[in-house]
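Have it open in your viewer while you go through the points.

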Amino acid sequence: MKIVLLHPPVPCMTDRKVSPPLGILYLAAYVRQRLGVTPVILDQNLNDDIAYDVCAQEAVDEHADVYGLSFGSTQYPCAVAIVKAIRQQCPRAVVLLGGPHATSLPAETLADTGADAVVESEGEETFLELVQRLLDGRRDFSDIAGLFLPAPEGGMTHTGRRPFIKDLNTIPY
């Protein structure tokens with residue numbers, strides 16, 4: 001299974017190369033340690049060209065089974081463009097969204113992007129459970145805590161809050 005964890009560019013930063021995307025780096029380390037799966041990391045702040053179509057094509061070119069994007073509000077327009085490109089060119093891929101914007105505005109984020117889920121708050125345990133479920137060949141995430149999912153009748157459903165990780169030293173880095 002190929003997983004891509006992506007951090008869209010922050011357009012308002014003068015020097016976009018000074019802030020590593022710790023969220024997706026922790027997710028990658030957690031999944032690698034617990035499941036032996038090593039995600040591809042795309043930190044698009046390292047790109048010279050941050051045009052939406054260029055960022056979207058870079059993601060699509062990975063042909064992943066799972067895409068996870070973490071972003072704040074300034075990155076939202078680019079994230080929407082990336083997810084729409086993935087949906088058009090990789091329709092079977094699972095698309096997961098997280099980070100401050102998606103957690104704060106999950107209904108809007110799901111409606112605007114057509115993503116499969118928004119991972120709420122700390123994502124390590126939720127993401128791990130989701131990847132394990134996919135490795136087992138299952139795509140029903142309705143009983144995984146910490147997710148906002150599109151509802152069949154429109155809107156969204158919340159699978160319940162996941163408790164915060166008590167000992168942060170259990171997260172590899």
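1. Let's start with a contact: Asp116 makes a salt bridge with Arg87, and their closest N and O atoms sit 2.6 Å apart. Asp116 is in the loop that links helix 5 (106–113) to strand 5 (117–119), while Arg87 belongs to helix 3 (residues 76–89), so this pair ties together parts that are 29 residues apart in sequence. Searching the whole structure turns up seven salt bridges.

2. A word on confidence, since this is a predicted model. The mean pLDDT of the protein chain is 92, with 98% of the residues scoring at least 70. Confidence is highest in strand 4, at 98, and lowest in helix 2 (residues 52–60), where the mean is 93.

3. Seven strands make up an open sheet with mixed pairing, and their order is 2-1-3-4-5-6-7. At the edges you'll find strand 2 (40–43) and strand 7 (156–158), each of which pairs on one side only. From one strand to the next, the twist averages 20°.

4. For a parallel example, look at strand 3 and strand 4, which are joined by five bridges. Here Gly68 stands opposite Leu96, a residue of strand 4.

5. The antiparallel pairings are worth a look too. Strand 5 pairs with strand 6 (residues 147–150) in the antiparallel sense over two bridges, and Val118 stands opposite Phe148 of strand 6. Strand 6 also pairs with strand 7 in the antiparallel sense, this time over three bridges. In that pairing, Pro150 faces Met156 of strand 7 as its opposite residue.

6. What lies between strand 6 and strand 7? The two strands form a hairpin, with five residues between them.

7. The largest pocket has a volume of about 290 Å³. Its lining comprises 20 residues, and the closest to the pocket centre are Leu27, Ser70, Gly99, Ser121 and Gly123.

8. Which elements each supply at least two residues of that lining? They are helix 1 (22–35), strand 3 (66–70), strand 4 (94–98) and helix 6 (124–135). Strand 3 and strand 4, then, are the parallel pair from above, and each contributes at least two residues to the lining of the largest pocket.

Technical notes
Residues numbered from 1 in each chain as written. Predicted model: local features only at pLDDT ≥ 70, side-chain atom pairs only at ≥ 80, totals over all residues. Heavy atoms only, no water. 1 Å grid on protein atoms, 1.4 Å probe; cavity = no way out; pocket = protein on both sides within 12 Å on 5 of 7 lines; lining within 4 Å. Points joined across faces, edges and corners; volume = space filled by probe spheres on them. Helix = DSSP H or I, 4+ residues; strand = E, 2+ residues; numbered from the N terminus. Pairing = 2+ DSSP bridges. Axes fitted to C-alpha atoms, helices over the stretch in contact; angles between N-to-C directions. pLDDT = per-residue confidence, 0-100. Salt bridge = Lys/Arg side-chain N within 4 Å of Asp/Glu carboxyl O.
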